[in-house]
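The stops below proceed from the overall fold to individual side chains.

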Amino acid sequence: MKFPSIFRTSNPARFEVKPRYYDPVKEELKERTARIQKELEAEGKLGDVSEEDRLRHYESGIRGAFAQHQGIKAREGSIMTSTAMIRTLIFLFLVAGLAGYIYLGPVIFEYLLYLGLLVVSVYYFFKLKPKSRQ
């Protein structure tokens, strides 16, 4: 039982499907095709074709959709090309800078600069060094 109120309560939204486009020619063609098919089935010229047989050639192609899958590809390049590794190094640099600033003060940035230059120089030393033949 609903009590009278001066406020309007919302009602559930109604759902009504309105066709956007109606093609009378297509509708007539569909009806005519169905009528002719029934006549041919009645005369025996057309075998009993079920709806399942008619739709059999419209099956989903999901079975062959993954046939070209080659598996997981191996990574190429150095470890420094990985974005996860670069993000990790940046994060460690920031944490070290913050912790060092708390404990040592602004002098930590100078130490981190020297450490960074050392790491970059070692990296380029091993990158540019010719590989020995075995």
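**Overall fold**

Read along the sequence, the pattern is α-α-α-α-α. This is a predicted model, in which local features need pLDDT of at least 70 and side-chain atom pairs count only at pLDDT 80 or more, while totals for chains, interfaces and linings use all residues. Residues are numbered from 1 along each chain as its sequence is written, and side-chain values use heavy atoms, with hydrogens and water left out.

Next, display the surface. The accessible surface of the protein comes to about 14300 Å², and 62% of this area belongs to carbon and sulfur atoms; the areas come from the Shrake-Rupley method with a 1.4 Å probe. Of the 134 residues, 5% count as buried (buried means under 20% relative accessible area, exposed over 50%, partly exposed in between).

Select residues 24–43, helix H1. Its 20 residues should span 28 Å at 1.5 Å a residue, and the end C-alpha atoms are 29 Å apart, which agrees; the expected span is 1.5 Å times one less than the number of residues. Just after H1, glycine 44 takes a positive phi of about 90°.

Move to H4, which has 21 residues and reaches 30 Å from its first C-alpha to its last, close to the 30 Å expected. Glycine 105, which follows H4, has a positive phi near 95°.

**The largest pocket**

Now select helix H4 (83–103) together with helix H5 (107–128), each of which supplies at least two residues of the lining of the largest pocket. A pocket is an open set of points on a 1 Å grid where a 1.4 Å probe fits, with protein on both sides within 12 Å along at least five of seven lines; lining residues have an atom within 4 Å of a point. About 330 Å³ of space lies in this pocket (the volume is the space filled by probe spheres set on the points). Of its 11 lining residues, the closest to the centre are Leu89, Leu115, Gly116, Val119 and Val120. H5 gives the largest share of the lining, seven residues. By type, the lining has 10 nonpolar residues, one polar and no charged (Gly counts as polar; Val and Leu are among the nonpolar).

**Aromatic pairs**

Finally, show the aromatic side chains. The whole structure holds three aromatic pairs, one of them tyrosine 123 with tyrosine 124, edge-to-face at 5.3 Å centre to centre and 70° between the planes. Rings pair if their centres lie within 6.5 Å, and planes over 60 degrees apart count as edge-to-face. Tyrosine 123 is partly exposed, at 31% relative accessible area.

Notes: Helix = DSSP H or I, 4+ residues; strand = E, 2+ residues; numbered from the N terminus. Buried < 20%, exposed > 50% of the residue type's maximum accessible area, 1.4 Å probe, protein only. Phe/Tyr/Trp six-rings, centres within 6.5 Å; stacked < 30°, edge-to-face > 60°.
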